Number of protein chains: 2
Amino acid sequence: MEIDVDKASINKISELDALFKPRSIAIIGASTKELSIGNVIIKNLLYYGYTGSIYPINPKEPEVRGLKAYPTIFDVPEEIDLAHVIIPSKFVPQIIEDCGKKGIKAVIINSAGFSEMGEEGMALQNAFLAKAKEYGVRIFGPNCQGIINTDPALKAYCDFTFTFPEPGGISIAALSGGVGAFIMQSLFDLNIGMRMYASNGNACDVSIPEVIRYYGEDEGTKAIILYTEGFADPRDFMETAKIVARKKPILAMKAGRTEEGAKAAASHTGSLAGADIATELIFEKTGILAFRDEEDMCKAAMVFATQPIPKGNRVGIITNTGGPAVIATDELVSAGLQIPALSDRAKNILKETMLPEATISNPIDVVATGGGQHFRSAMEVLLNEDQIDSIYINFVSAPFTDTDEVARQIVEVNKLKRKPIVCNFMTNMSLERFQVTAKILQDGGVPCYPFPTAAAKALGALYKYHKLKEREIGLPVVFDDVDQIQAAAIISEAKSSGKEFLTAAQCYYLLSLYGIPVPSWRISNDVSTSISAAYEIGYPVAIKADSETLVHKSDLGGVAINLKNDDEVRNAVIGMKNKFNPPDLKFLVQKFLPGGKELIAGINAERELGHLIMFGMGGIYVEALKDVNFKIVPITEVEAGEMITGIRMSKLLDGLRGEKPIDKNKVIEILLRLSQLIQDNPDIKEMDLNPVIAFENAAYVVDARIKI
Amino acid sequence: MEIDVDKASINKISELDALFKPRSIAIIGASTKELSIGNVIIKNLLYYGYTGSIYPINPKEPEVRGLKAYPTIFDVPEEIDLAHVIIPSKFVPQIIEDCGKKGIKAVIINSAGFSEMGEEGMALQNAFLAKAKEYGVRIFGPNCQGIINTDPALKAYCDFTFTFPEPGGISIAALSGGVGAFIMQSLFDLNIGMRMYASNGNACDVSIPEVIRYYGEDEGTKAIILYTEGFADPRDFMETAKIVARKKPILAMKAGRTEEGAKAAASHTGSLAGADIATELIFEKTGILAFRDEEDMCKAAMVFATQPIPKGNRVGIITNTGGPAVIATDELVSAGLQIPALSDRAKNILKETMLPEATISNPIDVVATGGGQHFRSAMEVLLNEDQIDSIYINFVSAPFTDTDEVARQIVEVNKLKRKPIVCNFMTNMSLERFQVTAKILQDGGVPCYPFPTAAAKALGALYKYHKLKEREIGLPVVFDDVDQIQAAAIISEAKSSGKEFLTAAQCYYLLSLYGIPVPSWRISNDVSTSISAAYEIGYPVAIKADSETLVHKSDLGGVAINLKNDDEVRNAVIGMKNKFNPPDLKFLVQKFLPGGKELIAGINAERELGHLIMFGMGGIYVEALKDVNFKIVPITEVEAGEMITGIRMSKLLDGLRGEKPIDKNKVIEILLRLSQLIQDNPDIKEMDLNPVIAFENAAYVVDARIKI
């Protein structure tokens, strides 16, 4: 399957070259009117220095912004790689056909008035898409900004925005143009160079996953920033992200994480915002660095653009002022980093090289009067410390020191790229003197932040990426002792009989076929068959009323537990017979297992994504604490283990106050077999295994509800 | 007590006027050397335009920076209000004496070399402090930056830093000069005016609480920013903050919240960093707005400087681009704000006034082509909506709109100060055109942020302050059915006998004296007295070995519960007699109460602050989840209620799955009585009431350990 994706992506990449690396661009709807989109795009291409040919298309004007204009694209004597379409929506289907005939390979439709405008717009969108497919034209948009490629050999600014980025290593993909634009602006303000930019609005053809794949293959792209409000095809995105995130850091933010936010998202784009949990799980599963604050994301981009990835979590701090080191330490430690002690060797060197007032420990306080050589020595010491993985610097521009020299020393060490460096540079940028210092740091590629917490957060993100890269979840186990054919038969039989829920017998049988332990059970019809069943199983037993119509049997009094003898079985069966009277009423007689820890597991179908698997503490904990967590099916053994350790009350499973711990491996196996079951039988919509009871050396699914 | 504090603060304020409003300043240690502190301070005073007299003191130079210098302060013919001291530490005690003789009322000691440098420095500090007390001189510092007063009539820049703030309403108090300086710089960068600044280093005399009181009385101070790494006198701070926070917002950050951060703090200042929990509780109790990120705090200051406090949590959003509204909605909702639907009246107006493409709902999307009149109409509609308390604006500077006009309209509405407004202004500030727009917004006092999350966070902080102001915790209840004299006698008796822990009998008796319910109990010596005790109390009973030496009796087998008859009592007593053999061994026979919810309560002495009271879920929950919370003693009824609803598993107390709820009022009463007990008996160091068992209509302390 992955091979297919790769093949597909290779094909699509060559198509997308016309979009991202056009040798010539037609602007269909070019306008002489200042500030109109058909004018601004040409202005931007010229201003940014596009190296290809620009062909304004306008039936009335001889030229636009000094360039010769053509009445139609057919009048352009040369080949055209890419066209901007900025004409009323009703004319777009015809124009796409024309583009196809002219051999144009990619079209950016800036015009609005399509799927975001209801049925009529949707019909127009379908109409031009049909033409595009017919002629093999790739569509970017509609209702979008466009793309930017900062490659100095190309300089393609196919967009009507107003930020003109310097070339660099960060590429941006954003569904929302508004957010994409301010992310680009933010990188610009932070002096972070950009590689490519894409904001594809309604995204009817070229998709975000395709763009991410393209960035993944692009050598100039060192890291990717993604902004989304949901995924049209989450599976496609996941498969793509899994491959690309292995090669390059993907920094992502998904807005619409609150119910209200999702509502706001749905009302402004054509895309459907999914439940946020699924997005978070996709980010986690594919190794994407997730952010909740777009400013943090942009600031983190600065370290990804300039710094190597640390090999571990141990930070050496250099400071020339006390308080900011305290603040930085708080944030670094919160992000999982450590501030280890220095070796004696390091301390001895520092005693020689630092000012007498300096603090020789970690943080190293070179004090405000410390100069370039003091910073340099401290940095060298940290570079040579084996137990230090990265360097954090607080640098306040003390007026009585040669701040330029300090900056030059930091730059020298930064150039070595031996360990990542971040700098909290605290200064007054309105003073020319310190602008010079800042410029030295900036030109030297030192990521500088004006606040200690911001610098520490950026380093924290870099470390988090290290952890994501280190995390090896492995491949899903495949159990071969399962009976796939019988299982499929149960489900298709239930489906063909029009049932929504499996019966108890079907549930337990299905679980057994996948090797998921259930307590011994029999189905009985009345008192006498129930008693014989109890004898076969052995007392104590539980009895559950079993009927398609009794979904919440426990709440209704359809469950009797810990029955120790024939009388108790008789009373339970008679009681239920009096209470319930569906024609299909049967009884499930089940071995009763006293003690153990009550857990819960489940499955939920999640639209296009597939299924989510859930695990948590059962009983009142589910209600009172919602102490559960989710993963995307299929899960691996590592993931199943993470599900168990990931709940807040995980410690309860380790045995407290002399209690015996549960056998976690048995629970892991249930989760893995459940994952396989659901992969083989994707028609299942929901499963509630509640409770799963775990003991010191076993675990059983004691009750199950399966919706198909 | 509060009256005393107020009186004291009034006295101190007049003293502090010499510090914050000096009519004349001597610089002892004035220097002709550029970049030296003794030169920079004079340069800063001159540059900033200090309106008083400056007297450089230098025995060798006739003038410094063009000002006549005097060999000693005694040579100055005029009165001196304030002196800077910038001479080696060993000369400082003599100079302070001279200052006293000259009648100088306040001295800023910039020099270092005192308490932060060990014993020798501490001796010097004590020496000059003795002189200061003798002559009534107030000391600011030592080892500090100084103060700034931006009052246009004064312009006192008594500091060697390099940021020259515009006048405004925010005053800053910071122990750490490094952090204080970059907070001041950050306000400057954000174009937020400042009122006063104080960074007092070692803080040997004038304290942070005193400065806060002074700011509280200062009419020009609208809001206060505080940075600290711990409190020398937390009780003093708390009493001060309680009074000042009622009048003015205090935005505060305490660094050293992680163990590592606290360590870094302790190594760089003379102040002791307390356990972070205590600081958080002080902030909560006094109504201080706490921040964990100094950048968020500075950005929040912008809304506090310009906007009214909202009356509730309902926000109206106006946007001219979709995505940022989604991001803003996420953050606003996370901060507890709501985005309510608009009234039909509002919608009808908007249908008339908006562009056809606009979205008529909340968020109101005026679309990118929307102009000044569209923003204006949307704002007016929100001003007139009763169910809207504040206005959030996303304003991207679309190149094809008259952005200046939009800005002017926002400013017009902002001037009305009817409801708070925040603006996420997304633009390219390197373009002159948009600099003009930004200037209009800034001059109009509109708080602008370049990111939607940042703008939303600032509004969230404003709303949080509204909630803090609304929160009325009331006064502590005083129960008059307690026997204070007997209780004091128990403790003093135990103390005088040199004991560290009270015996079980003392514990239960003490609790009873304060009306805290305990199950009926007797103390017995052997089997027969235990059996008689059981008869008096009634079966079932619990028996606990009682000896001063048995602190963790439960773990050692010194507790037997649910004893139903004489035989079981006999076996329990004999078993314990065989196991333990301390000379003082007795037995506590106690009514056994089956069922109920296991809770925990406790008391902990917290250095200078007094005592903390703790409440939480008992049993395995304490170990597995640490589901407890703390408050500072004394607590009020509201606070006791918050302690119960504040634990994560609070829902378990409401009765789940047919369980009966506990009587929370009974638990509240226990906490209140406990608070009173500890206030009356502050010698108690620790109390563990574990478990407290709560039932449907009662609650009892079942086991207690009290350390004195």
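**Close-up views of a predicted two-chain model**

**View 1. Helix H11(B) passes helix H16(B) in a right-handed crossing.** The model shown here and in the views below is predicted. H11 covers residues 322-334 of chain B and H16 covers residues 452-470 of chain B. Their axes lie 8 Å apart and the helices pack at an angle of about 30 degrees. H11(B) makes the contact with Pro324(B), Ile327(B), Ala328(B), Glu331(B) and Leu332(B). H16(B) contributes Pro452(B), Thr453(B), Ala455(B), Ala456(B), Lys457(B), Leu459(B) and Gly460(B). Sorted by class, eight residues of this contact are nonpolar, two are polar and two are charged.

**View 2. Seven strands of chain B form an open sheet with mixed pairing.** The strand order is E9-E8-E11-E10-E12-E13-E14. From one strand to the next, the twist averages 15 degrees. The edges are held by E9 (156-158) and E14 (289-291) of chain B; each has a single partner strand, so one side of each is left without a neighbour in the sheet.

**View 3. Strands E10 and E12 of chain B pair in the parallel sense.** E10 spans residues 167-174 and E12 spans residues 223-228, and five bridges join the two.

**View 4. Domain 1 of chain A touches domain 3 of chain A.** The domain assignment divides chain A into domain 1 (2-303), domain 2 (308-470), domain 3 (475-518 + 594-708) and domain 4 (520-592). The centres of domain 1 and domain 3 of chain A, taken over C-alpha atoms, are separated by 42 Å. Nine residues of domain 1 are in contact with nine residues of domain 3. On the domain 1 side, helix H7 (234-247) and helix H9 (276-286) of chain A each supply at least two residues. H9(A) gives the most to this side, with five residues. The domain 1 side has five nonpolar, one polar and three charged residues.

**View 5. Chain A meets chain B through 62 residues of chain A and 63 residues of chain B.** On the side of chain A, the elements that give two or more residues are helices H5 (177-189), H8 (259-266), H10 (294-306), H11 (322-334), H16 (452-470) and H21 (620-625). H11(A) has the largest share of this side, 10 residues. By class, the side of chain A that touches chain B has 30 nonpolar, 20 polar and 12 charged residues.

Technical notes:
Residues numbered from 1 in each chain as written. Chains lettered and ligands numbered in written order. Predicted model: local features only at pLDDT ≥ 70, side-chain atom pairs only at ≥ 80, totals over all residues. Axes fitted to C-alpha atoms, helices over the stretch in contact; angles between N-to-C directions. Helix = DSSP H or I, 4+ residues; strand = E, 2+ residues; numbered from the N terminus. Left-handed = near helix turned anticlockwise from the far one by under 90°. Contact = placed C-beta atoms within 7 Å. Nonpolar A, V, L, I, M, F, W, Y, C, P; charged D, E, K, R; others polar. Domains from an automatic or database assignment. Pairing = 2+ DSSP bridges.
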